[in-house]
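The following paragraphs lead the reader through a model of two protein chains. Please keep the sequence and the structure in view while reading.

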Amino acid sequence: MGLLKLFAKPAPTLLRLPSGSFTVDREGTVLTGTLPSSFPANVVKDIARQVLATFGEAAAAQLPLAELIINYPSLKISARELRGGAIVFLAPKAPASPMSLS
Amino acid sequence: MERRPKILLADDNPDLLELYREMLAQLPGHPEIQTAAGGARALAMLEAEPFQVLICDLKMPKMDGLQVLAIVRRKYPDLRTVALTAEVDEQFRSRAYALGVDLFWTKPATEHETRLFLECVASLIGRESEVGFRGVQTRSLMDIIQMECLSQSSAVLRITNGPLSGKIWIQDGELIDAEAADLGGEPAFQRILSWKAGNFEMLPAEPSRPRQILKSYNALLLESAQALDESRSGVTAEGAPKTQPSPLAQVAKVEGVEFALTMQAGKPGQHAARGLENPERMAAWARQSLERFRSLGDRLGAGALERIEGFGPQRHVTLAAQEQTEFCVGWKNTLAPDEVRDLMKKVLALWAS
């Protein structure tokens with residue numbers, strides 16, 4: 001049985017949106033974080049990469065930004081620029097029903 | 001010959017795919033059922049041919065159902081979507097609805113649940129996909145109001161159109177009040193009727209609502225239709241051509257706006273700007289940022305990107321999209337984040353109206 005389990009395909013799981021924060025340096029290396037360990041590290045890196053790129057390109061377009069807030073119906077990502085790096089906060093939110101007032 | 005509706009089923013469990021295929025094939029109109037064993041395969045099939053309904057399992061390997069639905073809602077807005085799951089979890093239900101799915105169903109376990117599920121799918125197939133208001137079915141807002149008034153109903157109609165929302169109060173078949181943004185009464189009613197599409201829902205009547213509209217519903221509908229015709233033809237009731245400022249010029253006049261830039265979604269190079277010396281560079285940044293965080297939202301299954309707000313020492317900025325137009329609005333740095341949020345709503349409402 002143990003051998004069979006070894007070859008069994010892992011059951012697919014849905015990605016839960018986490019609550020927490022992490023800091024990232026200017027190279028995109030995640031330094032510290034309070035996100036649950038179940039949240040994939042590659043997704044954290046991807047978020048960090050997109051945030052840093054947006055800060056960098058905004059500065060290049062003569063629009064230096066100190067803070068970014070990205071709003072989705074189910075998630076709010078807030079990021080503050082930190083000497084080329086950033087501190088990023090993830091906060092899931094309960095969206096309103098599709099018929100409700102926006 | 002009448003065309004059979006087509007349903008695409010996506011689930012990583014082949015036994016369930018076969019079971020649902022048999023069940024759905026019995027629906028009225030005997031729809032053509034095709035199956036996909038994963039999210040990527042489902043997207044490829046949607047790319048290759050049109051379907052009316054997608055029924056998608058949420059828990060699938062590699063690309064989960066939320067990721068599939070996020071992409072589908074954006075690429076195929078007319079496709080009806082059903083999220084199906086064995087996972088009873090409030091976060092996933094909320095996120096699926098936030099993505100704009102038409103139905104969210106836990107996998108039916110009893111005969112009764114199966115029957116209800118099939119009835120709901122049958123009703124989705126029957127719905128039209130024309131422009132209009134999506135509530136019980138697709139109709140024009142004028143039709144809905146006329147029906148309510150003719151049937152002497154009492155109800156409150158809540159209407160949403162992207163960031164805009166409004167209410168119309170009907171009491172014993174008479175229009176008694178309306179509300180939209182900061183407008184009330186007749187002007188609010190005219191404003192709501194100028195929206196081309198949206199969602200509506202019926203709320204219980206509020207008999208204690210004071211009457212603000214005294215005209216008959218027929219007269220009001222007639223006036224609204226006339227106003228709409230005039231706005232389409234660009235001619236006033238007196239026959240003189242209208243000389244209204246462009247929508248972008250109106251946006252640029254909103255309090256606190258330093259610059260305004262609009263871009264046509266999916267058409268690089270097509271943009272218009274006010275208050276910017278180098279709109280090309282700003283447009284490139286705005287487009288790239290919107291695209292970047294849309295992709296991230298798809299990957300996270302967090303729903304369609306609503307807006308990006310940036311706060312800086314020189315100026316603030318908001319990026320958002322409404323239908324086919326993308327916006328990049330620069331704000332004075334003296335504005336507080338809440339003020340920027342409220343003023344951006346005003347900009348989008350101004351544009352939509």
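Two strands are said to pair if DSSP finds at least two bridges between them. In this predicted model, strand β3(A) and strand β15(B) meet that condition, being joined by 5 bridges. The two strands run antiparallel. One position in this pairing is Ile69(A), which stands opposite Glu309(B) of β15(B). In general, the strands of a sheet pair through backbone hydrogen bonds, in either a parallel or an antiparallel manner.

Chain A has 102 residues, of which 29% count as buried. Among the contacts in chain A with a separation of 6 or more, 37% are between residues 24 or more positions apart.

How many strands form the open sheet, and in what order do they stand? There are 10, in the order β2(A)-β1(A)-β5(A)-β4(A)-β3(A)-β15(B)-β16(B)-β17(B)-β13(B)-β14(B), and the pairing is antiparallel. At the edges stand β2 (30–33) of chain A and β14 (271–274) of chain B; each has a single partner strand, so one side of each is left without a neighbour in the sheet. From one strand to the next, the twist averages 15°.

The part of the sheet that belongs to chain B may now be followed strand by strand. Strand β15 (residues 307–311) of chain B is joined by 5 bridges to strand β16 (residues 315–322) of chain B, and the two run antiparallel. Within this pair, Gly310(B) has Val317(B) of β16(B) as its bridge partner. Strand β16(B) is in turn linked to β17(B) by 8 bridges, again in an antiparallel manner. Here Val317(B) has Gly330(B) of β17(B) as its bridge partner. The hairpin of β16(B) and β17(B) has 2 residues between the strands, and Glu323(B) takes a positive phi near 50° in it. On to the next pair: 7 bridges join β17(B) to β13(B), and these strands also run antiparallel. Gly330(B) of β17(B) is the bridge partner of Phe259(B). Is β17(B) largely enclosed or left open? Of its 8 residues, 6 are buried, so β17(B) is largely enclosed by the rest of the structure.

A helix lies across strands from both chains. Helix α10 (residues 279–300) of chain B lies across β3 (67–71) and β4 (75–82) of chain A, and also across β13 (257–264), β14, β15, β16 and β17 (325–332) of chain B. Its direction is at about 65° to β13(B). Helix α10(B) also packs with helix α3 (residues 65–75) of chain B, at an angle of about 140° and with the axes 7 Å apart. Gln67(B), Ala70(B) and Ile71(B) of α3(B) make this contact with Gly297(B), Asp298(B) and Arg299(B) of α10(B). By class, these residues are 2 nonpolar, 2 polar and 2 charged.

Finally, the meeting of the two chains can be viewed as a whole. In total, 48 residues of chain B are in contact with 35 residues of chain A. The elements of chain B that give two or more residues to this side include α4 (90–98), β8 (155–161) and β12 (198–203). Which element provides the largest share? It is α10(B), with 11 residues. The side of chain B that touches chain A has 20 nonpolar, 14 polar and 14 charged residues.

Technical notes: Residues numbered from 1 in each chain as written. Chains lettered and ligands numbered in written order. Predicted model: local features only at pLDDT ≥ 70, side-chain atom pairs only at ≥ 80, totals over all residues. Buried ≥ 20, exposed ≤ 12 C-beta atoms within 10 Å, placed from the backbone. Contact = placed C-beta atoms within 7 Å. Helix = DSSP H or I, 4+ residues; strand = E, 2+ residues; numbered from the N terminus. Axes fitted to C-alpha atoms, helices over the stretch in contact; angles between N-to-C directions. Nonpolar A, V, L, I, M, F, W, Y, C, P; charged D, E, K, R; others polar.
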